[in-house]
Amino acid sequence: MKPSADKIALPGLKILAIIILFTTGNSSAAAQPLENEYPATYIGFSYGYSIPLTTLETGEITDQLIGFRSRFDYARYFSGTKFLNERLGLNYHWQRCYAQERSGQDASFYDLLTQQYNSDYFFIAYETPEKDNNLYNRDFSQGYIGLVYRVANERFFLLPQLSLGYTTFYTTNVTLRLKEKNSNRYHTVEYKNDKYQDSYFTAAYGARAGVRVINRIHFTIECGYTWFRPDFTYTINQNDLVEGTSSSREVSYTRNLHSLSVGFGLTYEFDYNTIDN
Amino acid sequence: MKIKKITIVLMVPVIIELMIACCNCDDYPFNNYYEHHAFFSHSEMLAYSIDNSGPFSQLPLNDSVNANTYGIRIILDRQEVIPEENQQLALLRSVSLMQSAYAFSCYCPNEVFFEPADWIDSIHITTINEFDAFHPAGSEVSDYFLVLRWGDMVPLDQLPDYVINTPFDPEDKTLEINALLMNAPDPDLPENHAFNLEIYLSDGRILQTETEEITLAQ
């Protein structure tokens with residue numbers, strides 16, 4: 001059964017309600033920092049959009065076997081910052097990235113196979129390892145740890161941060177068995193890549209700006225720049241089973257990927273420390 | 001006291017049989033080899049013309065098939081052969097007290113290990129009518145056929161390996177093989193064709209059959 005729109009929105013509202021209750025329920029705890037205090041800890045979440053400056057996609061059919069899209073939305077489900085002193089802190093955040101599939105622009109792998117082979121061949125078998133059944137899941141994860149600097153007053157804060165982390169995504173192998181129409185000739189086409197799941201070192205630089213909206217809660221906007229370098233190659237082998245001949249070609253996915261991102265969210269501050277004079 | 005002793009003595013063979021019967025089925029066939037060992041033999045061969053014009057081959061809807069998509073479906077019948085040792089064991093059970101021990105046994109009936117009693121030495125397809133300029137009536141055309149095997153296409157002379165490596169299934173004793181024609185006959189010759197198939201077995205027997213005559217249209 002399809003969940004209703006109310007049910008989808010509920011978890012987000014619940015979290016917001018819990019935070020509001022938590023921050024307003026206890027008047028002393030809800031208080032803003034005193035003049036000589038700073039919040040040592042921030043936690044928050046945000047939602048944003050990534051704009052690619054360079055893309056992984058090559059336009060080849062193998063693009064459809066990669067669980068990554070250069071254009072994606074992200075949900076930063078957890079972001080935590082611990083300040084070591086008034087200015088400098090450590091930050092960790094983890095985000096799930098959701099590929100933006102646009103109908104008409106991003107046909108499925110099977111659709112493209114059909115376009116390519118359907119006029120001359122029958123599809124006899126379409127084999128993919130059992131673990132790769134979720135062929136069309138192009139969601140992936142990113143996690144970062146980094147240094148944060150803080151510029152803040154009672155109402156606003158600005159947190160520039162430099163982060164290092166990883167980007168993890170899956171790739172899939174497929175073997176196709178084809179039979180020529182009006183013929184007894186059979187062929188196989190293999191799309192192979194040795195890496196099934198891989199994580200790539202990722203560097204990011206960005207900043208988060210917040211404005212206090214209620215007691216300890218800030219509304220934040222964030223922007224960032226990200227770089228990482230995937231390194232894998234697909235080999236496409238075509239075998240004519242009658243002649244015993246084969247041909248192969250490679251599609252390289254080794255390239256520098258640069259992207260910008262923008263997002264918004266909420267941040268909660270607590271754990272006030274006294275500013276050392 | 002005497003009755004107790006007699007009972008114990010009578011129970012001894014039953015207990016021994018129970019211990020023997022309760023072999024570890026996972027270790028099969030190395031335990032209790034002869035009891036679980038059997039053979040299969042190739043007993044009969046049938047052959048039908050097939051139409052492979054679609055994604056999968058099927059029997060022709062009429063008596064004409066496109067020559068480019070023609071094939072022969074070879075159906076090999078395989079039968080169980082009970083080795084003499086097993087027959088003796090079965091006979092022994094039928095006349096001895098040990099038979100009753102089966103009530104307690106953990107005999108693993110499905111784990112019978114089948115080995116071929118005979119194997120295919122060679123297979124030959126000959127054309128009954130004139131096929132082309134190089135193949136008059138009665139000449140061998142085996143080279144014109146390929147067999148679809150485990151997603152690969154192999155010459156007919158590799159069929160014996162395929163058959164020997166295909167495990168015998170007591171539930172389905174037939175083995176189906178599709179031999180596909182890769183060279184069309186001479187279009188100037190009459191279009192009616194039929195083929196004779198012969199399988200030479202290692203024990204000297206020859207399985208022989210013919211396809212029905214069919215029109216190979218071009």
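Begin by selecting Arg249(A) and Glu60(A) in this predicted model, where the two side chains meet in a salt bridge with 2.9 Å from N to O. Arg249(A) belongs to strand β13 (residues 245–252) of chain A, while Glu60(A) sits in the loop between β1 (37–52) and β2 (72–83), so the pair ties together parts that lie 189 residues apart in sequence. Both ends are partly exposed, Arg249(A) with a relative accessible area of 42% and Glu60(A) with one of 26%.

Next, select Arg185(A) together with Glu243(A), which form a salt bridge whose closest N and O atoms are 3.1 Å apart. This pair also links distant parts of the chain, since Arg185(A) is in the loop between β8 and β9 and Glu243(A) is in the loop between β12 (233–240) and β13, 58 residues apart. Arg185(A) is partly exposed at 24% relative accessibility, and Glu243(A) is partly exposed at 48%.

Move to chain B and select Asp118(B), Asp203(B) and Arg205(B), which are linked in a network of salt bridges.

Finally, display the contact between the chains, to which chain A gives 12 residues and chain B gives 16. The area buried between them is about 1200 Å², with carbon and sulfur atoms giving 57% of it. On chain A, select Asn184(A), Tyr186(A) and Leu241(A), which supply 47% of the area that this chain buries against chain B, more than any other three residues. Across the interface of chain A and chain B there are zero salt bridges, but seven residue pairs are in polar contact.

Notes: Residues are numbered from 1 along each chain as its sequence is written. Chains are lettered from A and ligands numbered from 1 in the order in which they are written. This is a predicted model: local features need pLDDT of at least 70, side-chain atom pairs count only at pLDDT 80 or more; totals for chains, interfaces and linings use all residues. Side-chain values use heavy atoms; hydrogens and water are left out. Contact means heavy atoms within 4.5 Å. Buried area is the accessible area (1.4 Å probe) that two parts lose on being put together, summed over both. A salt bridge is a side-chain nitrogen of Lys or Arg within 4 Å of a carboxyl oxygen of Asp or Glu. A polar contact is a pair of N or O atoms within 3.5 Å; within protein, one must be able to donate a hydrogen and the other to accept it, and residues adjacent in sequence count only if both atoms are side-chain atoms. Helices (H or I, at least four residues) and strands (E, at least two) are DSSP runs, numbered from the N terminus. Buried means under 20% relative accessible area, exposed over 50%, partly exposed in between (1.4 Å probe, protein chains only).
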